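Open the structure in your viewer and get ready to select residues by number. Each stop gives you something to pick and something to look for.

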Amino acid sequence: MKNYDLVIVGGGPAGIMAGISAAAEGLKVCILEKKSKPARKLLITGAGRCNITHTGTLQDFFEHYGGRERFVKPALYSFPPEALTAFFHDRGVEFKELNEGKIFPVSEKSTEILKTLLTECEKLNVSIHNGESVSEVKVKGDQFSVTCDSGLLFESPRLVISTGGSSYAVTGSTGDGVKFAAAAGHRITAIKPALAPLVISDSPFFELSGISLKSVLTVFKDNKVYKRGGGDLLFTHKGFSGPLILNNSRYMDPGDMIEINFTGISGEDIRGVLTSPESASGGKHVKTALHSLNLPSRFLLAILAEAGIPSDKKLAELGKKKIFELVRLLTAHPFTIRGVGGWTEAMVTSGGVDISEVNPKTMESRIHPGLYFAGEVLDVDGDEGGYNLQYAFSSGYLAGKSAAQSKIRKSV
């Protein structure tokens with residue numbers, strides 16, 4: 001049996017940062033990681049470049065967690081984006097901004113981020129046990145007993161569960177944490193893939209894969225508007241992806257209907273373009289008039305074909321019904337969702353440990369004192385662009401620090 005002041009189950013960004021913040025306060029800490037090396041998912045974020053956080057004020061950040069603003073506030077206040085980048089900067093890592101506010105290390109190598117974290121763990125004597133898959137977590141009085149498949153047994157008065165979600169199982173995220181939480185009496189909200197692409201039924205645009213448009217999305221459930229959003233839409237060979245789809249995938253399910261405005265402007269404005277005296281005169285072709293919308297030619301040809309309008313058709317020859325249909329397809333094109341990308345495609349997990357049973361000011365369980373949660377195991381998922389990694393680090397930092405402060409309170 002091995003005894004520590006704090007045992008952390010899960011060696012991803014949240015778990016490692018929890019270990020660092022707790023050890024910095026004097027706790028004897030160990031991290032149990034099921035894979036042969038820690039933070040496998042961190043290494044693939046941002047295609048291996050590690051989009052660690054995002055620019056913007058904290059108020060901007062709060063709006064990127066799918067309605068979880070009140071819960072994420074304390075963690076983000078305790079370890080905000082500037083504190084995260086300062087942590088790495090003080091250890092020799094420089095950052096740069098790319099792609100409208102996304103923050104990456106200048107090296108664009110996630111290995112640099114991980115190496116810095118592991119160096120800090122070594123400096124603080126955080127013991128990382130790789131290849132130790134946890135099979136059981138038990139609450140035994142004021143102690144937590146953690147059993148590994150190898151037969152090793154760990155005991156501690158404090159425990160952090162930071163095992164991640166269920167996406168990218170190859171990295172070790174297989175939903176173990178929610179099982180441990182459920183066994184300890186915690187409620188688990190429905191688990192589903194998030195930041196995932198859409199598979200669309202009978203789309204006429206499969207051949208447009210790779211094209212990106214600024215668009216507006218409307219999600220319908222039971223024939224009622226459920227969610228609206230705007231952003232970059234990416235055509236794929238199965239349907240749609242891009243930030244607009246990824247960030248709203250948490251709200252969508254197979255069978256839901258969506259409408260897409262591919263232009264980002266109103267149907268009335270487009271009708272004005274098509275029916276203005278300048279456009280209708282002089283024998284102007286429909287495709288030529290639509291070019292003022294700054295849409296790719298391949299897309300325009302596809303939308304005209306769907307509307308049954310030859311690309312060389314003149315505007316003056318279009319009747320009101322054809323104009324109405326063309327405008328509808330451009331600004332309110334309906335699609336039925338056949339599927340939301342599965343666990344091999346989803347970047348994060350929606351659902352997890354019910355946050356109503358976790359104190360957001362400490363990340364401590366409201367059911368079992370001394371039990372803490374951090375990162376994706378919680379029912380918190382952020383938008384793409386560094387928001388999930390930021391929350392992993394922030395919640396891990398707060399969980400570790402809270403665990404250390406609980407020791408200080410008990411020793412008084």
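This is a predicted model: local features need pLDDT of at least 70, side-chain atom pairs count only at pLDDT 80 or more; totals for chains, interfaces and linings use all residues.

**Stop 1**

Select E155 and K140. They form a salt bridge, and their closest N and O atoms are 3.8 Å apart. E155 sits in strand β10, residues 153-156, while K140 sits in strand β8, residues 134-140, so the pair ties together parts that are 15 residues apart in sequence. Is E155 buried or exposed? E155 counts as buried, at 13% relative accessibility. K140 counts as partly exposed, at 45%.

**Stop 2: the hairpin**

Q143 belongs to β9, and K140 stands opposite Q143. Now show all of β8 and strand β9, residues 143-148. These strands pair in the antiparallel sense, over 6 bridges. Zoom in on the turn. The hairpin has 2 residues between its strands, and G141 takes a positive phi near 65° there.

**Stop 3: a bridge across the chain**

Select R187 and D354. This is a salt bridge too, with the closest N and O atoms 3.2 Å apart. It links distant parts of the chain, 167 residues apart. R187 is in the loop between α7 (176-183) and β12 (188-194). D354 is in the loop between β19 (348-353) and β20 (358-359). Check the surface again. R187 counts as partly exposed at 47% relative accessibility, whereas D354 counts as buried at 15%.

**Stop 4: a bridge inside a helix**

Select helix α13, residues 320-331. Show the side chains of R328 and E325, which meet in a salt bridge of 2.9 Å, N to O. How far apart are R328 and E325 along the helix? They are 3 residues apart, which means a separation of about one helical turn. R328 is partly exposed, with a relative accessible area of 29%. E325 counts as partly exposed as well, at 25%.

**Stop 5: a network**

Select K192, K221, D253 and D256 together. Salt bridges link these residues in a network. Across the model, the count comes to 19 salt bridges.

**Stop 6: the cores**

Select F88, L117 and L378. They belong to the largest nonpolar core, which has 75 residues, and they touch the most other members. Now colour helix α14, residues 387-411. This helix gives the core its largest share, 10 residues. Centre on L378. Which residues is L378 in contact with, leaving aside neighbours within four places in sequence? Among them are F71, V353, M363, F373 and Y391.

**Stop 7**

Most residues other than glycine have a negative phi. Select A39: its phi is positive, about 55°, although A39 is not a glycine. A39 lies in the loop between β3 (29-33) and α2 (40-44). It counts as buried, at 4% relative accessibility. Next, select D222. D222 has a positive phi of about 55° and is not a glycine either. Its loop runs between β14 (212-221) and β15 (224-235). Is D222 buried or exposed? D222 is exposed, with a relative accessible area of 72%.

Definitions and conventions. Residues are numbered from 1 along each chain as its sequence is written. Side-chain values use heavy atoms; hydrogens and water are left out. A salt bridge is a side-chain nitrogen of Lys or Arg within 4 Å of a carboxyl oxygen of Asp or Glu. Helices (H or I, at least four residues) and strands (E, at least two) are DSSP runs, numbered from the N terminus. Buried means under 20% relative accessible area, exposed over 50%, partly exposed in between (1.4 Å probe, protein chains only). Two strands pair if DSSP finds at least two bridges between them. A nonpolar core is a set of buried Ala, Val, Leu, Ile, Met, Phe, Trp, Tyr and Cys residues joined through side-chain atoms within 4.5 Å. Contact means heavy atoms within 4.5 Å.
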